[in-house]
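Hello,

Here is the structure I promised to pass on. Please have it open while you read, and my notes follow below.

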Amino acid sequence: MNISIRATQEKESTELCKIQRDAFLPLYEKYQDEGNPYLRGEEDIANRLTSDYFRYFTIFVNEEIVGGVLYKCKGRTPFIENLQEGQYYLQRIYIKPEQQCKRIAQTAILLCEREFPDAKCFIVDFPEDLIKNKRCYEQAGFIDTGKRLQTQPGLVLACFSKIICKTKDK
């Protein structure tokens, strides 16, 4: 299985929107949260592609689109008032339901991190009761910060981070 990423192109918005809706529908049904990406449309993806606040990547398996990854580079996140230089927030990653649990997301995260040479820290949050998500992020090198945020009854976000240590060439 050949997993790759590249910067998302506007022409991919329709396909990514469908994958995003399919991937996030079970979470929307469970939590009924208004911030769920299931509720976002194609124009939301297209708008983020032209914003300095975001970087969007398309995930491929054997050159077929299987998902997307969205990073926030500036602004507010649920756990950080204002992202600083070198801090990146993994806002969402989604994979076609039939392709999930194959380490595609974990690999895509690691590939995306190479696209941020100035990175000092990556942050992600997700519902704390999602064990598969927790395992995926831990396998990609994230650790639990211990911070929690209840966004609505029955939905508590867990914050994980990954500190990037740069080694200096001699």
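Leaving out residues up to four places away in sequence, Glu12 touches Arg6, Ala7, Thr58, Phe60 and Ile65, where contact means heavy atoms within 4.5 Å. Glu12 sits in the loop between β1 (3–7) and α1. Glu12 is buried, with a relative accessible area of 4%; buried means under 20% relative accessible area, exposed over 50%, and partly exposed in between, with a 1.4 Å probe and protein chains only. Helices (H or I, at least four residues) and strands (E, at least two) are DSSP runs, numbered from the N terminus.

Before going further, a word on where this comes from. This is a predicted model, in which local features need pLDDT of at least 70 and side-chain atom pairs count only at pLDDT 80 or more, while totals for chains, interfaces and linings use all residues. Residues are numbered from 1 along each chain as its sequence is written, and side-chain values use heavy atoms, with hydrogens and water left out.

The loop between β1 and α1 also holds Glu10. Glu10 counts as exposed, at 59% relative accessibility. Beyond its neighbours up to four places away in sequence, Glu10 touches Ala46 and Leu49.

How much of α3 is buried? Eight of its 10 residues are, so α3 is largely enclosed by the rest of the structure. The buried residues are Ile104, Ala105, Gln106, Ala108, Ile109, Leu111, Cys112 and Glu113.

Now a few loop residues. Glu85 lies in the loop between β3 and β4 and is exposed, with a relative accessible area of 69%. Leaving aside neighbours within four places in sequence, Glu85 is in contact with Asp118 and Lys120. Glu85 and Ala119 are 34 residues apart in sequence, and their C-alpha atoms are 8.0 Å apart in space.

Most residues other than glycine have a negative phi. Gln32, which is not a glycine, has a positive phi of about 55°. Gln32 is in the loop between α1 and α2 and is partly exposed, with a relative accessible area of 45%. Glu63 also has a positive phi without being a glycine, with a value near 70°. Glu63 is placed in the loop between β2 and β3, and at 71% relative accessibility Glu63 counts as exposed.

The largest pocket has a volume of about 1300 Å³. Of the 49 residues that line this pocket, the closest to its centre are Phe24, Leu27, Ile93, Asn133 and Tyr137. On a 1 Å grid over the protein atoms alone, a pocket is an open set of points where a 1.4 Å probe fits, with protein on both sides within 12 Å along at least five of seven lines, and lining residues have an atom within 4 Å of a point. Grid points are joined across faces, edges and corners, and the volume is the space filled by probe spheres set on them.

At least two lining residues come from each of α1 (13–31), β4 (87–95), α3 (104–113), β5 (121–127), α4 (131–139), β6 (143–152) and β7 (155–163). The lining divides into 24 nonpolar, 11 polar and 14 charged residues. Here Ala, Val, Leu, Ile, Met, Phe, Trp, Tyr, Cys and Pro count as nonpolar, Asp, Glu, Lys and Arg as charged, and the others, Gly among them, as polar.

Finally, the chain as a whole. The protein chain has four helices and seven strands, which run β-α-α-β-β-β-α-β-α-β-β from the N terminus on. Of its 170 residues, 49% count as buried. Among contacts with a separation of 6 or more, 63% are between residues 24 or more positions apart. The C-alpha atoms fill a box of roughly 50 × 40 × 30 Å, taken along the principal axes.

Best wishes
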